[in-house]
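Colleague: Could you walk me through how to read a model like this one, taking one feature at a time and giving the rule before the case?

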Amino acid sequence: MRNRLIIFGACSAAVGALVIGISVLSDPVFKLEIDPTLQNHFSNDKENWWKELPVEVLPLPSGVHGVRNHEGLEAAKEQLRKLIAGRSILGDLPIVGVSPSKDGSVEMVLSKETADCGTMTDEVRLKRRGFVDIDNDGVAEQCVFLGRAERTDTCGYGSGSFLGYGDWYVLGKRTKKSEVKLLEVREAECGDTGSGSG
């Protein structure tokens, strides 16, 4: 009887360890430093890495106007459809200005509109959150934070903010010449590479 309990306990411990191992593998930690054993096919250009990302990662804007009703949501969706029509990567977008930073994050302005109260800008913020091999094929995937806001410092709508919103996009690139593909959208941070939007 005692031997059976010992065997049962050992089996239970093994199953528990297996479950913990699977849960750890299913939620890998994205790190800014790429494991040297992995192949990396993403752009290493510190200022232009974002240009190869697919336009499907571009979200609806948040901030100044927000999307307060059904009509506003539909109008924002239509504006996004027109913006990305016929384009496949972010580098194809009509961009007014780009401000890369030393940490590799990028702020780009899609449009500027002048109103009676001042200037409103449609801004996008991107930041690499890290790399990891999520499917164990020896090729690195990356996670990128992306937020978009309509902002103003002068109009009475209040200023848009990049804090507290945005998503984390897990992207894959199989070869140097292949396109970057969207694999997954997460509302939570990818790994231990910081907190919040940037």
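**Reading the features one by one**

Modeller: Let us begin with Glu179, which at 55% relative accessibility counts as exposed, where exposed means over 50% relative accessible area, buried under 20% and partly exposed in between, with a 1.4 Å probe and protein chains only. This is a predicted model, in which local features need pLDDT of at least 70 and side-chain atom pairs count only at pLDDT 80 or more, while totals for chains, interfaces and linings use all residues. Residues are numbered from 1 along each chain as its sequence is written, and side-chain values use heavy atoms, with hydrogens and water left out.

Colleague: Where does Glu179 lie, and which residues does Glu179 touch, not counting those up to four places away in sequence?

Modeller: Glu179 sits in the loop between strand 6 and strand 7, helices (H or I, at least four residues) and strands (E, at least two) being DSSP runs numbered from the N terminus. Beyond residues up to four places away in sequence, Glu179 touches Gly172 and Lys173, a contact being heavy atoms within 4.5 Å.

Colleague: How many salt bridges does the structure hold, and with which residue does Glu179 form one?

Modeller: A salt bridge is called where a side-chain nitrogen of Lys or Arg lies within 4 Å of a carboxyl oxygen of Asp or Glu, and the structure holds nine of them. One joins Glu179 to Lys181, with the closest N and O atoms 3.6 Å apart, and Lys181 is partly exposed at 47% relative accessibility. Another pairs Arg129 with Glu189 at 2.8 Å, N to O, linking distant parts of the chain, since-sequence position being 60 residues apart, with Arg129 in strand 4 and Glu189 in the segment after strand 7. Here Arg129 counts as buried, at 2% relative accessibility, whereas Glu189 is partly exposed, at 22%. A further case is Glu107 with Arg125, whose closest N and O atoms are 2.8 Å apart; that pair joins strand 3, which holds Glu107, to strand 4, which holds Arg125, across 18 residues.

Colleague: Which cysteines form a disulfide, and are they buried or exposed?

Modeller: In general, a disulfide is a covalent bond between the sulfur atoms of two cysteines. The rule used here asks for a pair of cysteine sulfur atoms within 2.5 Å, and by that rule the count comes to one. Cys143 and Cys190 form this disulfide, with their sulfur atoms 2.1 Å apart, and the link is right-handed, with 65 degrees about the S-S bond. The two cysteines lie 47 residues apart, Cys143 in strand 5 and Cys190 in the segment after strand 7 (181-186). Cys143 is buried, at 0% relative accessibility, and Cys190 is buried as well, with a relative accessible area of 0%.

Colleague: What does the largest nonpolar core contain, and which elements supply residues to it?

Modeller: In soluble globular proteins, nonpolar side chains tend to be buried together. A nonpolar core is here a set of buried Ala, Val, Leu, Ile, Met, Phe, Trp, Tyr and Cys residues joined through side-chain atoms within 4.5 Å. The largest one has 24 residues, and those with the most contacts inside it are Leu53, Leu58, Leu90, Leu93, Leu126 and Leu171. Helix 2 (70-84), strand 3 (106-115), strand 4 (118-132), strand 5 (141-151) and strand 6 (167-172) each supply at least two of its residues. A second, separate core of seven residues includes Phe30, Trp168, Val170 and Cys190. Setting aside neighbours within four places in sequence, Leu90 is in contact with residues including Trp50, Met108, Leu126 and Leu146.
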